[in-house]
Amino acid sequence: MSTTTPNTTNRLTLPSRIAEPARDTGLLLLRVTLGGLFVFHGSAKFTAGIDGFAGYLDSLGVPFPLLNAYLAAGTEVVAGVAVALGLLTRLASIPLAFTMAVAFFTAKGAQLSAQGGGGEYPLALGLVAVALVLTGPGRFNLTTPLLRLIGSKRVALQAKHASAIAVSA
C-alpha cells in the first residue's frame, strides 16, 4: 500500500527569486505614490495660502487652527518626502496616518460617501500609511545605506580612539 502526500503547495506562489524583488518593487511603487500624493497635497496647502486652510480648520472647530494648519501641511510635505525616498519610512508614516485619521474623523465626519465628499480618500491614505508602518519600506530605500554609512564611520571613529588610547598608554 503506497501512501501519497497531498500537494499542499499553492500554485499561485511565486518562487522567492521572483517574489522578493516583486514585493520590494511593489513597496517602492506604493511608497513613491503615497509620498508624492502627500507632498502634492501638503505643498498645495502652502501655495494656496495656509490661512485659507487654517480658516477651514477653524470652521471645523479644530483648536489652534493656524498652528494645526502648519503642522498638517508640514507633516504632509516632510513625511511625504521621507516616505517616497524610503528614509525612516516606518517612523515617517506614523504622523501621516495620524493626520489622515484626523481628516477622516473631523473633516469627513467618518462618512464613506464619494458623492457627499466622504472620507474614502483620507481613510485609504491613512491605511496605506499604517501598512507601511507594519511592512517597512522594502529593500529599495535610503535608510539602509545611510545606516551602513553611519555604522562604518562609527567603527572607524572607534578604531581611531582605540589607537589613540593605545599610543598614549
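A nonpolar surface patch of about 580 Å² is formed by Val 81, Leu 85, Leu 142, Leu 146, Leu 147, Leu 149 and Ile 150. Two or more residues of the patch come from each of H3 and helix H6 (143-168), and H6 gives the most, with 4 residues. Leu 147, found in helix H6, is exposed, with a relative accessible area of 54%. The model is predicted: local features need pLDDT of at least 70 and side-chain atom pairs pLDDT 80 or more, whereas totals for chains, interfaces and linings use all residues. Residues are numbered from 1 along each chain, and side-chain values use heavy atoms, without hydrogens and water.

The protein chain contains 6 helices and 0 strands (DSSP runs of H or I, at least four residues, and of E, at least two). Of its 169 residues, 25% count as buried (under 20% relative accessible area; exposed is over 50%; 1.4 Å probe).

Helix H1 (residues 16-47) has 32 residues and spans 45 Å between its first and last C-alpha, close to the expected 46 Å (1.5 Å times one less than the number of residues). Buried positions in H1 are Asp 24, Leu 27, Arg 31, Leu 34, Gly 35, Phe 38, Gly 42 and Lys 45. The cover over the buried residues of H1 includes helices H2 (50-59), H3 (65-85), H4 (89-107) and H5 (120-135). Gly 49, which follows H1, has a positive phi, near 105°.

Methods: Contact means heavy atoms within 4.5 Å. Patches are made of residues with over 30% relative accessible area and no salt bridge: like charges are joined within 9 Å, nonpolar side chains (Val, Leu, Ile, Met, Phe, Trp, Tyr) within 5 Å. Accessible areas come from the Shrake-Rupley method with a 1.4 Å probe; for residues, only the protein chains shown count as cover. A salt bridge is a side-chain nitrogen of Lys or Arg within 4 Å of a carboxyl oxygen of Asp or Glu.
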